[in-house]
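Please look over the chain shown here before reading on. The report then takes up a few local features in turn.

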Amino acid sequence: MRWRGQRQSDNIEDRRGQRRGFGFPFPGRGMRFPSSGGGGGARRGGGIGIIGILIILGLMLFFGIDPSVLLKGQAPGPGGGTGFPDIQLPKQRPDATNFPAPGRQAQIERPQSTGDDDLKSFIAVVLATTEDTWTQTFRQLGARYREPKLVLFSGYVRSACGTGMSAMGPFYCPGDEKVYVDLDFYRELKNRFKAPGDFAQAYVVAHEVGHHVQKLLGIAEKVEVAKRRMSRSGGNALQVRMELQADCFAGVWANQMQEQGLIEAGDIDEALRAASAIGDDRIQKQTQGYVVPDSFTHGSSEQRARWFRKGFQAGRLQSCDTFNAETL
Ligand SMILES: [Zn+2]
């Protein structure tokens with residue numbers, strides 16, 4: 001990926017200095033929506049008074065939970081969360097098909113150094129490109145894109161969804177709208193999962209940002225609501241569609257990278273290798289008792305590659321309707 005000299009995002013939180021001791025695992029908390037699930041406590045607690053609320057907020061801060069998840073409430077999706085069959089992507093724009101054909105390649109410019117600071121700069125550029133892509137896409141839909149934060153961490157990290165750890169890979173927390181990335185995972189991706197390359201790393205960020213887009217569009221909440229009424233296997237099947245859509249959204253982003261001449265030969269293959277590597281069961285096994293990571297249920301490598309390609313070739317949000325697709 002030709003990234004040097006491109007804009008770097010300001011939405012990076014570097015928490016790599018905060019190691020063990022600050023981390024506080026929340027066993028069994030799971031990947032929930034704190035604002036819709038646990039958030040009712042504060043609203044129902046009319047009898048506890050201001051002091052009680054302040055104590056609760058203090059405790060939340062102490063344990064590293066973002067109190068705003070209680071205060072601001074869940075962003076309502078259009079239609080008020082009526083469940084799975086309602087999940088729809090925004091209507092197609094008449095001129096939305098006017099994307100350039102794939103094939104143009106840019107000049108090759110690989111990172112010169114593999115140091116962490118270099119990697120941080122690279123991730124800041126990738127995040128900035130996702131901001132540009134989705135700001136533009138949302139604007140075309142008449143909506144405003146709210147940029148997520150990206151937290152770099154090492155070891156353990158606290159999020160509104162519970163505690164994340166390095167071994168489980170990157171994840172997105174809808175409760176605080178942050179993407180969590182451990183740079184050690186990128187080394188794993190390269191050495192253990194045999195998915196090297198800067199575009200593999202970029203894809204990981206783009207996929208997580210795809211989950212953020214799902215939250216903003218109200219899709220994530222509808223899926224959460226629907227999953228509560230389902231069996232475990234039904235919920236997993238729904239989660240697969242969710243993951244494949246995030247892959248497709250990453251493909252839409254990649255299309256924009258191509259349009260801007262930032263993609264070089266081999267980049268797409270790097271992304272596809274990463275797509276299949278992150279779903280590895282070995283990652284999942286290491287996460288018992290912690291926040292359910294993004295690697296939980298992803299669909300097959302073939303499915304992931306297909307939906308990434310679909311988004312890449314179409315360059316349109318509307319091509320990513322995994323929820324109403326008959327075959328995945
Ligand atoms: Zn995912």
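What follows covers the basis of the model, a strand hairpin, a loop residue and some aromatic pairs.

## Basis

This is a predicted model, in which local features need pLDDT of at least 70 and side-chain atom pairs count only at pLDDT 80 or more, while totals for chains, interfaces and linings use all residues. Residues are numbered from 1 along each chain as its sequence is written, and side-chain values use heavy atoms, with hydrogens and water left out.

## Hairpin and loop

Strands and helices are DSSP runs numbered from the N terminus (strands E, at least two residues; helices H or I, at least four). Strands β3 (residues 156–159) and β4 (residues 162–165) run antiparallel and are joined by 4 bridges, where pairing requires that DSSP finds at least two bridges between two strands. The two form a hairpin with 2 residues between them, and S159 has G162 in β4 as its bridge partner.

E177 lies in the loop between β5 (171–173) and β6 (178–182). Although E177 is not a glycine, it has a positive phi of about 55°. E177 counts as buried at 8% relative accessibility (buried means under 20% relative accessible area, exposed over 50%, partly exposed in between, with a 1.4 Å probe and protein chains only).

## Aromatic pairs

The whole structure holds 7 aromatic pairs (Phe, Tyr and Trp rings, the six-membered one for Trp, with centres within 6.5 Å; planes under 30 degrees apart are stacked, over 60 edge-to-face, the rest tilted). The ring centres of F138 and Y145 lie 5.2 Å apart with planes at 65°, so this pair is edge-to-face. F138 is buried at 3% relative accessibility, and Y145 is buried at 5%.

Y203 and F308 also form an edge-to-face pair, 5.7 Å centre to centre with 80° between the planes. This pair links distant parts of the chain, with Y203 in helix α6 (residues 198–216) and F308 in helix α11 (residues 301–314), 105 residues apart. Both Y203 and F308 are buried, and together with F312 they form one aromatic cluster.
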